[in-house]
Amino acid sequence: MDLSLESAEKPVSFAKETGVITVGQYVLIKLPSKGLKIVETRSDGVINLGKFGSFEVNGILGFPFGQSFEISADKKVSPVKSLVFELEEEELENMDQETSRESTPILELMKNSSETNRDIIDIGSKIQGITSEEIELFKKQNNDNGEILISKIIESHKGFNKKTKYSQEKYITRKQQKFMKKFTVEYLSSSNLLKYYEEKDLSKILNLSEETLGLMLNLLDIRPGGKYFVVDETGGLILYAMMERMKGEGLIVVGHENEHPNFNLLQYSNYTESAINSMIKPINWLQFFEPENEKLIFNEQTKEAIEELRPQKKLQYYRRQKRIIEINKTIDFVTGKDSQFDGLLYCSTIYPTTLIPNIITKIKGSRPIVVYNQYKEILVELQHLLSKNLNVLAPSIMETRARPYQTIPGRIHPLMSMRGGGGYLLWGTRVYPKEGGVIAVGRGFVRRNERKKQKLEKEEDNDDNNKNN
Amino acid sequence: MSAFLEYKEVIGEGDFVLAFIGRDNIKPIIVKKDDILNTRYGAFAHNSMIGEKYGSQITSLKGYGFIHLLHPTPELWTLSLPHRTQIVYTPDSSYIIQRLNITAGSRVIEAGTGSGSFTHSFARTLSKTGQLFTYEFHESRYQQAKAEFELHSLTNVIATCRDVCKKGFVIDGYESGCDADSIFLDLPSPWEAIAHLPQVISKSKRVGICCFSPCIEQVIKTAEALKNHGWSNIEMVEIAGRKWEARKEMIRDVSDVIGRLKDIKRRKEEGIEIRDKLQNQNQNQKVGEKRGNEDSNEKEQFVKKTRIEREEKGFNPFGKGLRIKEGDEAYNWKDISEPETEVKSHTSYLTFAFKNAPTKPIVNHQS
């Protein structure tokens, strides 16, 4: 029987356009407010960014990813340097002198500033001479132009000149985040998809952080052409990250707990359905544990009978046949006697201590075992269990956290807050214990050796070496 | 064939094996007929490795002591390689690869090569379809690294001996650039190298850079240079990698503590009783010298009894004075995680930035 699961027909093109914004793909939109949005670039489509305005998709096509745009009144866009108007360091320094540089209304307003904040008296909202109703009216009168509006707001701010330059800059940035009709288009990488869910619904991706995702993928030693057994309860985020690294070569068998697997995040991946189906093969736990009962039977019809079917029914027949063959092949491949996989990545809320020992035997020798969990306690229990399992070498628990900094030369410091959590990883290596057991060498070896010369007592024998493992 | 680019299942002569002797003792070897690997757990014949599967456990020539034969991975290599410089550890390297979105097919520039730890990790991830350009200005370090990459068949790595800060990145055969989409600079003064990058980076893709520097002063200069050369989204982060081991801590219940104190008190009182009794006897003996052997037997028995009790140690709920194995089923335990005794509290600062490809003319928003 042919156990090979790799499709004979490779998908036509697996490579995605990662350099230039093209039609018909999902992209990440960054808003001045730091909000994120995933949108599809439909030809001739219009994308609505709420209070930041709407724009025509055609206007952004062909630009490189990372490009920022400003929306004008007629839903057209023009490329701009950055999302928020950043002040160059020299501009700040030279502002007091008369410079020949082109000045903007905002820069003009910043010419008067204070050395310190000593003159600032907190009088609350009264400091702003313009009301929100007046702002709305002003917006309408000026075609919703963000820059003119911000100038107006600054002009009406009674204490603006008493602020320091840095404080003025911060104030302007805040106003820009609120009123500028700008956005940046980013390539929807696995990291960007993760960042989107970080804001939207962290529990959906099991609190996974970018740094933990990176560490897990490296520890799994992902290579194009590898075959991996994966349990991904993040809805497909991990699968997407793996597919990106493997670039269409190899196989990912996914263990799941439902009748049909849930990879709904993969819809954003820009990989075609056939590309996804050629790489990712699902198997549920019932099929995994009771393969003989769960293999599907296909009632093959005679050629004549098939020919007599209506075209619709014929198509259905072949589709069903293909699906059943595929499922049975996956079941045979996974539940066969041989170890088949180049690594195990387990990211699930199913209690790992009950399930992992059953999957380990499917993994080839000297291949990584990586288990993710939000909670260290779960992994502590698993490490205790695996330390006694001779099929796993040197399991240990790892944690990684990225601490972001405000990175402005002269004002560098760690950000005042960062996200907590990010999960933990257990990393070990699948090994083949020597049949019949081994005698370990270590402390007390000579004494023990004399005491019971040839006696092979597995438990005690593995004691010392295991301490080193 | 490179063990870092392709998987192998069975060990043959000439194959690269990482001999796992202990957690802090992984020895890289090339399997050669009739060679012997000597370790503190015994001598292991290379002949006994040939034909075994990667991941197998083998015993020493004497039949006891064992090691595991592991397939090379960049992560295990990082734990076993000969250090010629400070190396980039896995929590840092894995984050950089993820954040710069390095995948199969990526084209990456690395300067300097150092001990080649990160080089292996890059080479594995960008795979046979990608290309890594690595630069090292220290001549003998370059020679060692180059020899190592050849031994490990890292065919997707081009190593160059060059001070990139002074001479830039352009090399023979790539005069029109490396078309690199990701840059990693682990140099004493990365700001000097940044000026040379436009010649070699991709003209059609967004390019990401990570500068790896231990000092904050370097970060300041780097951030300024990046800004001046048109890089945006400049952000520095620090990675803290931690390791934990699952252990068990005995649950010592206060009711048992009280029980033990009571037991000690009880035995102490018993001891006093016995002592008083013995003293009385002694005095009686002195008074009537001729009480005879009967009494002396009684006395011996008392002494014996107290000694036995002392050896039993009475109520001993926590195994005091005994050698208790962690997790011994006679006691109660709580699963806990233990941190390393020493952690890497600072590896380096990671300064990231990105540069957009100029495929369409970019107009200033103010014009």
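Start with helix α6 of chain A, residues 190-200. It lies across β1 (26-30), β2 and β7 of chain A. Against β2(A), helix α6 runs at about 125°. Keep in mind that this is a predicted model.

Now the sheet under discussion. It is an open sheet of five strands in chain A, and the order is β2-β1-β7-β5-β6. The pairing is antiparallel. Which strands stand at the edges? They are β2 (36-40) and β6 (77-80) of chain A. Each has a single partner strand, so one side of each is left without a neighbour in the sheet. Neighbouring strands here are turned by 35° against each other on average, ignoring direction.

One pairing in detail. Strand β5 of chain A, residues 68-71, is joined to β7 of chain A, residues 182-187, by three bridges. The two run antiparallel. Within that pairing, A:Phe69 has A:Phe183 in β7(A) as its bridge partner.

Follow chain A past β2 and you reach A:Asp44. This residue is in the loop between β2 and β3 (46-48) of chain A. Buried or exposed, A:Asp44? Exposed: the relative accessible area is 60%, and the cut-off for that word is over 50%.

Let me put chain A in overall numbers. The secondary structure comes to 17 helices and 15 strands. Of the 469 residues in chain A, 52% are buried. Take contacts in chain A with a separation of 6 or more: 68% of them are between residues 24 or more positions apart. The accessible surface of the chain is about 22900 Å². Carbon and sulfur atoms hold 48% of that surface.

Over to chain B, and its sheet. This is an open sheet of four strands, ordered β2-β1-β6-β5, again with antiparallel pairing. At the edges stand β2 (25-30) and β5 (57-59) of chain B. Each of these has a single partner strand, so one side of each is left without a neighbour in the sheet. From one strand to the next, the twist averages 35°.

How many bridges pair β1 with β2 in chain B? Six, in the antiparallel sense, with β1 covering residues 16-22. Opposite B:Phe20 stands B:Ile26 in β2(B).

Next, the annotated site. The UniProt record is an unreviewed entry, and its "binding site" annotation covers B:Glu136 and B:Asp186. Why say that they gather at one spot? They span 51 residues in sequence, yet no two of their C-alpha atoms are more than 10.1 Å apart.

Look at B:Glu136 itself. Its place is in strand β8 of chain B, residues 131-136. B:Glu136 is buried, with a relative accessible area of 3%. Leave aside neighbours within four places in sequence. Its contacts then include B:Gly112, B:Thr113, B:Gly114, B:Arg141 and B:Cys161.

Two of those contacts deserve a second look. B:Gly112 is in the loop between β7 (107-111) and α3 (117-126) of chain B. A cis peptide bond joins B:Ala111 to B:Gly112, with omega at about -10°.

The other is B:Cys161. It is partly exposed, at a relative accessible area of 30%. Across all chains, a search of the whole structure finds zero disulfides. B:Cys161 is in no disulfide either; the nearest cysteine sulfur belongs to B:Cys165 and is 13 Å away. For chain A, take A:Cys347: this residue is buried, with a relative accessible area of 0%.

B:Asp179 is not a glycine, and its phi is positive at about 55°. This residue sits in the loop between α5 (164-167) and β10 (182-185) of chain B. B:Asp179 is partly exposed, with a relative accessible area of 39%.

Conventions:
Residues numbered from 1 in each chain as written. Chains lettered and ligands numbered in written order. Predicted model: local features only at pLDDT ≥ 70, side-chain atom pairs only at ≥ 80, totals over all residues. Heavy atoms only, no water. Buried < 20%, exposed > 50% of the residue type's maximum accessible area, 1.4 Å probe, protein only. Contact = heavy atoms within 4.5 Å. Areas by Shrake-Rupley, 256 points an atom, 1.4 Å probe, with all protein chains shown as cover. Pairing = 2+ DSSP bridges. Axes fitted to C-alpha atoms, helices over the stretch in contact; angles between N-to-C directions. Disulfide = S-S within 2.5 Å. UniProt positions renumbered as here; feature names shortened; annotations may be inferred.
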